Amino acid sequence: MINGIRLLKISAIYLMAGGFLGLFMGISHDFILSPVHVHVSLLGWLTLAVAGLVYALIPACAASPLARVHFWGHNIGPPVMMASLSLYAYGIKQAEKLIAVSSVVVVFSILMFVINVCTNAHKHLDAMGSSEKGHRLLAEEIA
Ligand code: HEM
Ligand code: HEM
């Protein structure tokens, strides 16, 4: 069972890191790390926070083994991707391979999240009676 609140807390750290980086870029007028800022903020903060909320609110998704794969991929991939992207941006072209590998890890983990949501999220909604099928089941139960 994946703890969604733990992901939410990790994502908040990305928000802070992205904010500091944005502030640094603004003050220094050095926008070379702009793609890093973008992905720390959007992949690290927004996407991870939404995933954390999904796991916190939908236990059927948090309990899936796919959630575990996504959890580790989305925690290990982005820091490596951000670090190698920063090195690449500052001219260390050997970092390119690491960007490629870490990007594949991140995209793969996101694919696991997508499959998990598409195959498991409705089970929870059914149980809650908040999907069409759930409403029907609930109506039958009441009748
Ligand atoms: C918290 C404080 C933040 C500061 C100080 C900040 C600062 C900046 C700066 C200086 C730039 C570069 C602008 C340029 O290239 O002219 C930028 C770009 C960007 N920021 Fe932030 N940012 C912050 C938070 C965020 C957050 C929370 C997100 C998304 C969730 C975000 C998304 C973006 C995006 C997508 C760009 C790229 C825009 C483009 O290339 O046109 N930023 N930010
Ligand atoms: C899953 C792994 C991801 C990979 C491998 C990836 C890769 C890339 C690449 C190669 C670029 C072009 C960078 C450049 O031209 O400097 C880019 C740009 C961008 N990506 Fe991603 N991305 C990922 C996830 C995301 C996610 C989840 C979001 C939003 C929620 C996002 C939002 C953006 C934005 C807004 C830009 C344009 C930034 C700009 O022009 O400054 N990316 N991404």
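Helix H2 and helix H5 (96-128) each supply at least two residues of the shell around ligand 2. Helices here are DSSP runs of H or I with at least four residues, strands are E runs of at least two, and both are numbered from the N terminus. The model is predicted: local features need pLDDT of at least 70, side-chain atom pairs count only at pLDDT 80 or more, and totals for chains, interfaces and linings use all residues. Residues are numbered from 1 along each chain as its sequence is written, while chains are lettered from A and ligands numbered from 1 in the order in which they are written.

Stay with ligand 2. Its shell takes in residues whose C-beta atom, placed from the backbone, lies within 6 Å of the molecule. Among them are Ser34, Pro35, Val38 and His39, along with Ser103, Val106, Val107 and Ile110. H2 gives the most, with eight residues. By class, the shell has eight nonpolar, four polar and no charged residues. Nonpolar covers Ala, Val, Leu, Ile, Met, Phe, Trp, Tyr, Cys and Pro; charged covers Asp, Glu, Lys and Arg; the others, Gly among them, count as polar.

Now ligand 1. It is surrounded by 14 residues, and the closest are Gly19, Gly22, Met25, Gly26 and Ser41. Helix H1 (4-28) and helix H2 (34-57) are the elements that give two or more residues to this shell. H2 again gives the most, with seven residues. The classes split into seven nonpolar, seven polar and no charged residues.

Next, the overall fold. The protein chain has six helices and zero strands. Its radius of gyration is 19 Å, well over the 15 Å that the globule rule gives for 143 residues, so the chain is more spread out than a compact globule. That radius is taken over C-alpha atoms, and the rule is 2.2 Å times the number of residues to the power 0.38. Along the principal axes, the C-alpha atoms fill a box of roughly 70 × 30 × 20 Å. Buried residues make up 28% of the 143. Buried means that 20 or more other C-beta atoms lie within 10 Å of the residue's own; exposed means 12 or fewer, and partly exposed lies in between, with C-beta atoms placed from the backbone.

The largest nonpolar core has 23 residues. Such a core is a set of buried Ala, Val, Leu, Ile, Met, Phe, Trp, Tyr and Cys residues joined through C-beta atoms within 7 Å. Those with the most contacts inside it are Ala51, Tyr55, Cys61, Ala62 and Ala67. H1, H2, helix H3 (59-62), H4 and H5 each give it two or more residues. The largest share, eight residues, comes from H2. Leaving aside neighbours within four places in sequence, alanine 67 is in contact with Ile2, Tyr55, Cys61, Ala62 and Asn116. Contact means C-beta atoms, placed from the backbone, within 7 Å.

Alanine 67 is also one of the buried residues of H4, including His70, Phe71, His74, Met81 and Met82. The 25 residues of helix H4 (residues 65-89) should span 36 Å at 1.5 Å a residue, and its end C-alpha atoms are 36 Å apart, which agrees. The expected span is 1.5 Å times one less than the number of residues. Just after H4, glycine 91 takes a positive phi of about 100 degrees.

One loop residue remains. Histidine 29 lies between H1 and H2. Its phi is positive, about 55 degrees, although it is not a glycine. Histidine 29 counts as exposed because it has 6 C-beta neighbours inside 10 Å.

Note on methods:
Two residues are in contact if their C-beta atoms, placed from the backbone, lie within 7 Å.
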